[in-house]
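This report covers a pocket and the contacts between rings. Please have the sequence and model open.

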Amino acid sequence: MSLLPQLRYPTLAQLLVFAQDLAARRPALCALRQVGVSRAGRPLHLLSVGHARRAVLVVAGAHANEPTGGATVRALAERVLEERELRSGTSWHFLLCADPDGASLHVTPAPRSLYEYHRGFFRPAAEEQPEWAPSVLPPDRLPPETRTLTRVIDELRPYLQVTLHGTDLGGSWVQLTKDLPGLAEPFAKSAAELHIPVETGASDAAGWSASGPGVHVMPSPGAGAAYPSMPDDARHSTWYHAHRHGGLTAVVEVPMWASDLVDDAAPHPAPAAAIRQLGRRLLRDGRQVDRVLAEALPRLAGVDGPLLRAARWALELIPGLAADWMHTPPADNTMAYVGSVDAFARRLPLRAAAMLLRVLRETDDVAAPRLDRLVAIWSDAFADRFRARWVPLEHQIEHQSRTVVAAALYARERAG
């Protein structure tokens with residue numbers, strides 16, 4: 001089991017220096033501009049390559065804990081400059097980081113293990129996530145990062161928006177707001193060449209149709225949700241904003257650590273019983289973190305901030321999600337789907353514990369050592385159960401880049 005990465009993910013400051021240098025070196029083709037500011041006043045930058053009216057928009061950094069996107073933007077911008085065909089009739093635009101405030105809080109640019117990754121973990125509550133906020137907030141309460149993103153979409157009117165995401169442990173998959181026939185073939189070929197498993201039963205896409213292994217098409221608005229308790233709904237996210245201009249969105253997910261257990265399309269012998277058991281474990285694990293939080297809260301009087309809000313938000317999701325798993329039929333009956341739900345059930349309380357741990361460490365709380373041990377145990381158990389192996393960063397970048405380019409070419413044909 002290899003957990004040791006060889007390269008560091010670029011920081012937002014490094015990515016900005018790259019974009020500034022590119023714009024200075026190739027001013028006839030490249031431009032860099034500030035398009036907005038975050039809640040904390042950090043700038044949001046857009047790097048543009050080419051001048052064609054038809055556009056592809058690539059969004060990085062929507063989730064702070066998914067750092068591959070920034071590295072992929074760097075590689076894609078260079079590739080678009082080198083390959084004239086990619087600029088033929090198309091301009092490319094790269095939002096360097098959709099959530100710079102979040103990026104400042106996730107602090108594991110070169111994690112050597114899942115435990116180290118979680119020691120610096122941050123992922124904000126849904127209402128503070130730029131892409132997800134419209135699914136849980138009314139329009140007049142949307143954060144400035146969301147308003148910036150939708151304003152850029154309205155300006156560019158992209159025929160394709162690609163948002164670069166990732167998972168800590170698992171496989172690669174694509175989520176589409178409209179189908180792109182043909183994309184599954186180059187996606188699967190790239191994954192196979194780079195030894196990245198395809199997550200055929202991703203719990204994030206539970207109940208969705210698939211146009212090929214690992215390529216999932218989001219249901220139309222009004223369709224029932226696989227997990228009714230979840231407050232956020234992809235169909236109300238910024239992913240669908242491109243539809244106003246005739247475009248579509250592709251969400252490209254790549255893993256940091258891979259597991260060959262998530263691409264088994266064979267039927268599970270007892271999927272309903274297995275998922276009920278996972279729901280019970282999720283409740284049990286969530287209660288462990290809840291007890292630590294309840295014990296520490298009197299000592300945290302006056303303490304507030306995105307880490308504590310996010311930890312509490314994650315804990316609040318657990319009872320409803322566990323009930324979904326225990327009382328509704330499985331959305332899929334494959335080994336891959338049950339494995340993906342297993343990973344989800346481990347991930348949610350682990351993330352809550354990790355963010356709460358950071359709050360307790362910052363306040364020198366007496367509960368910090370006990371919670372630290374729990375984060376270490378759960379991180380190691382996660383890695384061991386899924387036989388985690390590190391995906392070299394260059395492979396993460398290459399696979400994500402290839403998938404973006406393939407999606408852009410198929411979407412261009414579709415747009416006519």
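How much space lies in the second largest pocket? About 360 Å³ lies there.

## Basis

This is a predicted model; local features need pLDDT of at least 70, side-chain atom pairs pLDDT 80 or more, while totals for chains, interfaces and linings use all residues. Residues are numbered from 1 along each chain as its sequence is written, and side-chain values use heavy atoms, without hydrogens and water.

## Pocket

The second largest pocket has 21 lining residues. P10, T11, L12, P67 and A103 lie nearest its centre. Helices α1 (12-25) and α2 (68-82) each supply at least two residues of the lining. By class, the lining holds twelve nonpolar, seven polar and two charged residues.

## Aromatic pairs

The whole structure has nine aromatic pairs (ring centres within 6.5 Å; edge-to-face means planes over 60 degrees apart). Y117 pairs edge-to-face with F121, at 5.7 Å centre to centre and 70 degrees between the planes. Y117 and W257 also form an edge-to-face pair: 6.2 Å and 75 degrees. Y117 lies in helix α5 (residues 114-119) and W257 in strand β9 (residues 248-258), so this pair ties together parts 140 residues apart in sequence.

Y117 and F121 are both buried (under 20% relative accessible area, 1.4 Å probe, protein chains only). W257 is buried too. Ring pairs link Y9, Y117, F121, W257 and W390 into a cluster.

## Charges over rings

R54 lies over the face of Y159, 5.4 Å from the ring centre (for Arg, CZ within 6 Å of the centre and within 35 degrees of the ring normal). The charged end of R385 sits over the ring of F386, at 5.3 Å from its centre.

Terms used
Phe/Tyr/Trp six-rings, centres within 6.5 Å; stacked < 30°, edge-to-face > 60°. Buried < 20%, exposed > 50% of the residue type's maximum accessible area, 1.4 Å probe, protein only. Helix = DSSP H or I, 4+ residues; strand = E, 2+ residues; numbered from the N terminus. 1 Å grid on protein atoms, 1.4 Å probe; cavity = no way out; pocket = protein on both sides within 12 Å on 5 of 7 lines; lining within 4 Å. Points joined across faces, edges and corners; volume = space filled by probe spheres on them. Nonpolar A, V, L, I, M, F, W, Y, C, P; charged D, E, K, R; others polar.
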